[in-house]
Amino acid sequence: MFPELRLRRLRSLKLIKETRVSKEDLILPLFIDENIAHGSKPIESMPGQYRHSIEQSVQEVMEARSLGIKTVIIFGIPSRKDEVGSEAYNDDGVVQRAVREIKNEIGDDVVIIADLCLCEYTTHGHCGLVRDGKVLNDPTLEVLAKIAVSYANAGVDIVAPSGMMDGMVRAIRTALDDSGFTDTAIMSYSAKYNSALYGPFREAADSAYKFGDRSSYQMDFANAREAMREVELDINEGADIVMVKPALFYLDIISRVRARFDDVPLAAYNVSGEYTMIKLAANSGYLKQNELIIECLTAIKRAGADLIITYFAKEAAKLI
Ligand code: PBG
Ligand code: ZN
């Protein structure tokens with residue numbers, strides 16, 4: 001009791017830090033665009049972020065490595081789209097080629113995660129096959145399985161299905177194992193909410209839907225208990241890492257998943273809209289970018305995430 005106990009005593013020594021964000025926790029997203037021959041193009045909706053050519057993506061990974069970041073998540077933007085997203089399982093597709101080049105140059109010194117979804121590859125921009133204006137679940141699973149095997153074959157270390165189809169983890173695990181890729185891991189976007197915060201990403205990845213919305217597959221942001229069911233299912237289907245997305249408005253979900261499933265590796269996705277909000281606020285001069293980045297990443301970690309996918313990975317690595 002006060003006055004014997006004074007918590008300010010230690011505080012002024014700055015000795016105790018319960019939560020620390022380390023460089024190894026950070027995952028850098030990379031947009032790789034097959035339509036770009038050399039160099040990079042800025043993404044208007046995400047100031048400071050770029051789409052890269054395959055060639056440039058190798059340089060980006062080397063830079064990340066030199067900053068102490070060991071993991072990247074790649075998003076492919078193909079030069080050809082169709083109704084069924086067949087370019088996603090083309091063994092010479094943009095992701096497959098980029099992964100081969102990166103692994104050729106850098107070897108096993110980098111962990112490559114590949115986002116696994118149809119929306120960048122379909123003309124309608126939905127995350128699954130579409131018939132009569134509906135996004136189909138089970139037929140989509142077969143396509144996801146094919147993409148996973150093609151990615152694993154190219155050298156992807158972790159596939160990350162992001163389409164919120166029921167049974168996607170099981171379908172992918174089975175297909176990988178049947179093809180001998182028992183060491184390829186799965187990071188599932190387990191609790192992915194239908195969020196307005198993905199707006200900037202859809203420009204970045206050219207993955208905007210042409211009709212309807214994603215509410216028949218992505219979760220309603222009003223629901224927390226449902227997220228526990230999604231995570232539990234994915235763990236049972238064989239996910240090696242589960243994810244909550246977005247991160248900042250969803251710290252309660254991260255915290256609940258961590259409390260309920262205390263032994264599962266948990267990632268959080270600090271999404272495009274969160275990046276752009278912070279970036280524009282910092283650019284206005286009213287808020288300080290470096291302080292915001294560290295506070296935001298520390299909060300995500302404090303809530304219970306082991307890994308953080310963030311467009312601030314390079315800036316953060318320099319600050320840590
Ligand atoms: C594709 C996908 C999206 C994001 C990651 N994978 C967009 C979406 O679901 O519309 C969002 C990432 C971000 O906003 O940074 N399924
Ligand atoms: Zn998608």
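**Salt bridges and their surroundings**

Tutor: The side chains of Asp-240 and Arg-173 form a salt bridge, with 4.0 Å from N to O. The model is a predicted one. Asp-240 belongs to the loop between H7 and E10, whereas Arg-173 belongs to helix H5 (residues 168-178), so the pair ties together parts that are 67 residues apart in sequence. Asp-240 counts as partly exposed because its relative accessibility is 35%. Arg-173, at 13% relative accessibility, counts as buried, since buried means under 20%. Salt bridges with shared partners also join Glu-60, Glu-63 and Lys-314 into one network.

The general idea is simple. Side chains of opposite charge can pair when their charged atoms come close. The structure holds 14 salt bridges, and two further examples deserve attention.

One of them is formed by the side chains of Lys-301 and Asp-25, at 2.9 Å from N to O. Lys-301 is part of helix H10 (residues 289-303) and Asp-25 is part of the loop between H1 and strand E1 (26-33), so this contact ties together parts that are 276 residues apart in sequence. Asp-25 is buried, because its relative accessible area is 9%.

The other example brings together the side chains of Glu-34 and Arg-97, at 3.1 Å from N to O. This pair, too, links distant parts of the chain: Glu-34 sits in the loop between E1 and strand E2 (40-42), Arg-97 sits in helix H3 (residues 94-106), and 63 residues separate them. Glu-34 counts as buried because its relative accessibility is 19%, while Arg-97, at 35%, counts as partly exposed.

Aromatic rings provide another kind of contact. A pair of such rings is described by the distance of the centres and the angle of the planes. A search of the whole structure finds nine aromatic pairs. For Tyr-275 and Tyr-311, the ring centres are 5.9 Å apart and the planes stand at 65°, so the pair is edge-to-face. It also links distant parts of the chain, for Tyr-275 is in helix H9 (residues 272-283) and Tyr-311 is in the loop between strand E12 (307-310) and helix H11 (313-319), 36 residues apart. Both Tyr-275 and Tyr-311 are buried. They belong to one aromatic cluster, whose members include Phe-31, Tyr-189 and Phe-312.

Cys-117 and Cys-119 are both buried.

The peptide bond from Lys-245 to Pro-246 is cis, with omega about -10°, and Pro-246 is found in the loop between strand E10 (241-245) and helix H8 (251-260). Asp-132 has a positive phi, near 50°, although it is a residue other than glycine. Asp-132 lies in the loop between strand E6 (130-131) and strand E7 (134-135), and it counts as exposed because its relative accessible area is 76%.

Note on methods: Residues are numbered from 1 along each chain as its sequence is written. Chains are lettered from A and ligands numbered from 1 in the order in which they are written. This is a predicted model: local features need pLDDT of at least 70, side-chain atom pairs count only at pLDDT 80 or more; totals for chains, interfaces and linings use all residues. Side-chain values use heavy atoms; hydrogens and water are left out. Buried means under 20% relative accessible area, exposed over 50%, partly exposed in between (1.4 Å probe, protein chains only). Rings of Phe, Tyr and Trp (its six-membered ring) pair if their centres lie within 6.5 Å; planes under 30 degrees apart count as stacked, over 60 as edge-to-face and the rest as tilted. Helices (H or I, at least four residues) and strands (E, at least two) are DSSP runs, numbered from the N terminus.
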